[in-house]
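Please keep the structure in view while reading.

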Amino acid sequence: MRKGNFARLETRQQGRRLFLLSWTAYAAAYVGRYNYSAVMAAITAEGVLSLPAAGAVSTGYFVCYAVGQVLCGLLSQRVSPFGMIPAGLLLSAGCNMGMGMAPAGAMPILWAANGLFQAMVWPPIVRLFAECMPLVQQDQACVSINSTTPAGTLAAYALSAAAMALAGWQMAFWGCGAVMLAAAVLWMLGTPSLRRAVQSGPAAAPVPAAEKEPSGVRLLPVLAGAGLMGLILPAMLHGGLKDGVTSWVPSMIQSNFGVGPAFAAAVSMALPLVNLTGAYGAGWLDRCVFRNEVKTSAALFAGALVCLLALPAAVNYSLPLSVALLAATTALMLGINTMFINVMPVRAGRRAGAAFLSGSLNAITYLGAAIATWGIGAAAQGFGWGAVLALWAVMAGTALAVCLLLARRWGRFALACETERGERV
């Protein structure tokens, strides 16, 4: 089924069902993503992998996920998302279960494949929200889907911590794989009526040629005009801070405070508990204060820089304060992620180009996460965690400077989009 053949759902009940099923699927995908971060300290403590090797496993995942975001973003416009989403969950579940049995040499391959398969989940959800979600529920759905990040991450850490305490880190992969299997089954059981509704309902109105967004390489002039080519750097850096910090927090806590792997994973659950405040806080700042997503991102980077500059002193004296600063940092990064991945593509265009733009920015974000995850492991091994903390602060400061330089250009572009469409995007 090609793009444009879907009809829009007509009732709020159908919209709620689509949102809840999408939320469950994407939250389950997070469970099968961050479980590796939760058990990485245990894997390295047992000598299965060195710190750089453990970071390389995460790097392989993020690289493949980034590439997969672009490929699956294009593929999801050509095939039915109703089949693509459960296929990604099932294949990712297989990779997770394999990680619980694989030798060390196979772990990078399995986790890289997991990145490709997990990329099959998000782009189809974007397409379903854009084409099928009732318009009165669309904006709220785009904001509320962000709650999958803390919920899925929290579930991954909680399940992994319990599994490690009971049966070892291998059980964490098996349990998280089972969660994704259950989510895939739920999707397949819950979507047939929605599939029939979007295939048999009234066809969506054709998009006027003047409002059609470019796709593929034709998006490059749009990106350049909006200043988004320059925003590649802060997009990469925020990905490195969002996922790099999250990935290495258990290891950092274990190393600096002498706690066990299960306790370190459990303490790290504080991060996703507060992360959602970043998404909603960023939305409020953008609507009520800055009305410019790049300015909003700059303010969030500035807050993260303050937290990271205070972190070295906190590490010397207090575990709770250190965790609070790390949680604030990752919450601010989730707010920036909401601006880059959700809101800015919508401002650039709600139709054909939005999904591709979102996937492309998401890919850039995860390339940054891939580089940072490997770099943090190498820096920690070679220079100690003090160097890592300094690196995080430099990343936040650099991204802040670039956002300040490009905020006005993005504001002009977004205003032109609104004027051209005659609507508040």
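In this predicted model, helix α1, which covers residues 12–45, packs with helix α5, residues 122–131, at an angle of about 165°, and the axes of these two helices lie 11 Å apart. An angle over 145 degrees counts as roughly antiparallel, and α1 and α5 are therefore roughly antiparallel to each other. The crossing in which α1 passes α5 is left-handed. On the side of α1, the residues that take part are L18, F19, S22 and Y26, and in α5 they meet W122, I125, L128 and F129. Sorted by class, the residues of this contact of α1 with α5 comprise seven nonpolar and one polar, with no charged residue.

Helix α1 also has a contact with helix α8, which covers residues 169–190, and here the axes come within 9 Å and cross at roughly 170°. These two helices, α1 and α8, are therefore roughly antiparallel to each other as well. The residue classes of both contacts of α1 are set out below.

| Contact | Nonpolar residues | Polar residues | Charged residues |
|---|---|---|---|
| α1 with α5 | seven nonpolar | one polar | no charged |

The mean pLDDT of the protein is 82, and 86% of its residues reach 70 or more. Over residues 203–217, however, the pLDDT is below 50, although this stretch has 17 contacts in the model beyond near neighbours in sequence.

Definitions and conventions
Residues numbered from 1 in each chain as written. Predicted model: local features only at pLDDT ≥ 70, side-chain atom pairs only at ≥ 80, totals over all residues. Heavy atoms only, no water. Axes fitted to C-alpha atoms, helices over the stretch in contact; angles between N-to-C directions. Helix = DSSP H or I, 4+ residues; strand = E, 2+ residues; numbered from the N terminus. Parallel < 35°, antiparallel > 145°, perpendicular 65-115°, else oblique. Left-handed = near helix turned anticlockwise from the far one by under 90°. Contact = heavy atoms within 4.5 Å. Nonpolar A, V, L, I, M, F, W, Y, C, P; charged D, E, K, R; others polar. pLDDT = per-residue confidence, 0-100.
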